[in-house]
Amino acid sequence: MKYSDSVRKIKGVGEKAEQNFHKLGIWEIGDLLEHYPRDYDEFHDVVPVSELEEGKQMAVEGVLRGKPVVKNTPRMKIIRACLEDGSGAVQVTWFNMPFLAGQLHMGTRYLLRGKVGRVNGNIVLEQPKLYSRNEFYKNVGKMLPIYPLTAGLTNNQVAKAVQSALAGCEGITEFLPAEIRKRHGLIGFHKAVQDIHFPKNRVEFLKARKRLVFDELFLYQVALKAIRSRRDCASPHVMEERKEVEVFRESLPFSLTEAQDYVFQEIVQDMTGGRVMNRLVQGDVGSGKTIVAVMALYLAVCNGSQGAFMVPTEVLAAQHHASLQKMLGQFGVRVGLLTGSLTAKQKREGKEMLVSGEWDIVVGTHAVLQDNVAFRDLALVITDEQHRFGVRQREMLSEKGEEPHILAMSATPIPRTLALVLYGDMDLSVIRERPADRLPIKNCVVGTDFRPRAYKFMREQIALGHQVYVICPMVEENGESELESVSIYAEKLRGIFQDSVVVDGLHGKMKPQEKNDRMERFGSGEIDILVSTTVVEVGIDVPNATVIMIENAERFGLAQLHQLRGRVGRGPDQSYCILMYGTDSKESRERLSILSDTNDGFRIAREDLKLRGQGDFFGVRQSGDKLFQLADIYEDAKILTIANEEAGHFCFEEVHSFYRKNKRFAERLEHYMGKVSL
């Protein structure tokens, strides 16, 4: 068998199993061998009952005290028994296994292994498996793989298929130079693949993981450097500094912070320096990234070129379009809007304006990427909320001009270690300073019993002329969930506040025009309380809103909560964030207290990454598009540094030459090329 052979070639894999493997993205034997375990079942020695620890898989050996008791419930049959050793006794529970009642005998000695839980304050052993001593002790010390599965495939089937593939595959060839392996104590690739699936012990597992993590980070860093070298070229759009930009700056009703000024000067140096700009501006919510982008767009227009400003949602596109028209329209700049919800006539006219040059700037969503959208002279591409756009989408937009300058913006503060991985192909600017006229948001973490006081506080803020957001985690009622929908919650608030307060709702299922109308009404002050889903998470700017209450706050990640909190505190008045948890657990309260203690998005991002990992943080784990299979940016920071240094010794052509004999890894390199700048 070869690495590139179909999984069907593996003994025991028939047509049905092959189709089930396809659901997991496994087509070739190489795919199967790189389908790494998601966890391991580690067999440890038997422990006394008194040393059982909640949450762990553990084994005990003792005598059955009393007869097993069978309890029938409408949904299942529950068997309970008591196992005793010299150190104490533990309740043992099995679900839907009534036949065991006749097989278990009082006074007989049993060896059981299962998950340790807690019921009514007492330790219990749940759904344990019975072992003979020989059967159990031959597994002690081993780490048995637990694989990601799909319907129709069992863990045992996957493990057997992997074993067969490892035994019969001839294409697991080495690809790292011997000097790199020797320098960093890395084992061979074949052994690493073997030991990641079936490690004999934790030492072997760690060696295998180190090697495979190095491979992932090394290849990714090579991909980053290759893309960067491609983009490091002379610019056809060499700008000149223009006095008009300074006049625009002086017309603003506020002064730029030192951080904004510094970052803008970095952008000006890029755009006037003769090379194509490829820069990420990273800044906390409310730090003022947008005005820096507007000034960059105006610089491009003053040099006779066009700019494109791409954002992830139509609500945000409409808001930016209105804002740019207001700021730049008085200087003769023509700003257009291009989104998917426009009529066919509006889209056609907009495209004509772009290609003729009648529009200097276009603000839009993915609609700007359509094949029939063309520009007269596109010199600057700006993407807002960078992590929401794939590299291909950004490149599609840049291909609509001749090597335009690229400016990406992100309000998701990313620790520098992670930025090195995700945005290593870009120059990085950071705006950490907030405008001086904005007061720190006051936060509180409360349970649902605080809700009446929260409503009273909202009424007081509305009486002062301010507005309120209420965030719900879902759109529609779900019979299996206690979360309140937007529509139900809005109706509930209307009943509480009566006619003196205008309450309305906003959610992602609305038509774009309806969303825009609702936001315009909230922005103009017609709506006092806006009940919304996370559709308002990104960039929405209503300075008069001073309160945000987030229901079921424990359901959100810390970084997302911080983004939502950033909808208030955008004006000169004191603002407040009420984080209301629906599940009263110590873990939830401690996690939410991080937000209560600080408004620093960088610290919050670090904590969120530690708690959830980079896959969940960027939403890629949920979408099945995880960046790395094994590597973790925090856990593997040292390996990342080494991989980055080693990748620096290779140019892309050398790597391709080196990899040409290894099709699988050439493909993986190209795969990472497509993942750069998620």
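How many residues apart are Glu491 and Arg494 in helix H16 (residues 486-497), and by about what part of the helix are they separated? They are 3 residues apart, and because both belong to H16, about one helical turn separates Glu491 from Arg494. Helices (H or I, at least four residues) and strands (E, at least two) are DSSP runs, numbered from the N terminus.

This is a predicted model, in which local features need pLDDT of at least 70 and side-chain atom pairs count only at pLDDT 80 or more, while totals for chains, interfaces and linings use all residues. Residues are numbered from 1 along each chain as its sequence is written, and side-chain values use heavy atoms, with hydrogens and water left out.

**Salt bridges**

A salt bridge is a side-chain nitrogen of Lys or Arg within 4 Å of a carboxyl oxygen of Asp or Glu, and by this rule the count comes to 31 salt bridges.

| Pair | N to O distance |
|---|---|
| Glu61 and Arg133 | 2.6 Å |
| Arg451 and Glu551 | 2.8 Å |
| Glu491 and Arg494 | 3.0 Å |

Glu61 in strand S2 (residues 57-72) and Arg133 in helix H3 (residues 133-137) are 72 residues apart, and their pair links distant parts of the chain. With buried meaning under 20% relative accessible area, exposed over 50% and partly exposed in between (1.4 Å probe, protein chains only), Glu61 is buried at 14%, whereas Arg133 is partly exposed at 45%.

Arg451 and Glu551 form a salt bridge, and because Arg451 lies in helix H15 (residues 451-463) and Glu551 in the loop between strand S19 (545-550) and helix H18 (558-565), the pair ties together parts that are 100 residues apart in sequence. Both Arg451 and Glu551 are buried.

Arg494, the partner of Glu491, is partly exposed, with a relative accessible area of 30%. A network of salt bridges links Glu491 and Arg494 with Asp504, Glu514, Arg518, Arg521 and Glu526.

**Helices and strands**

Helix H10 (residues 289-302) has 14 residues and reaches 20 Å from its first C-alpha to its last, close to the 20 Å expected (1.5 Å times one less than its number of residues). Because 13 of its 14 residues are buried, H10 is largely enclosed by the rest of the structure.

Strands S10 (residues 335-338) and S11 (residues 361-364) run parallel and are joined by 4 bridges, where pairing requires that DSSP finds at least two bridges between two strands. Gly336 stands opposite Val362 in S11.
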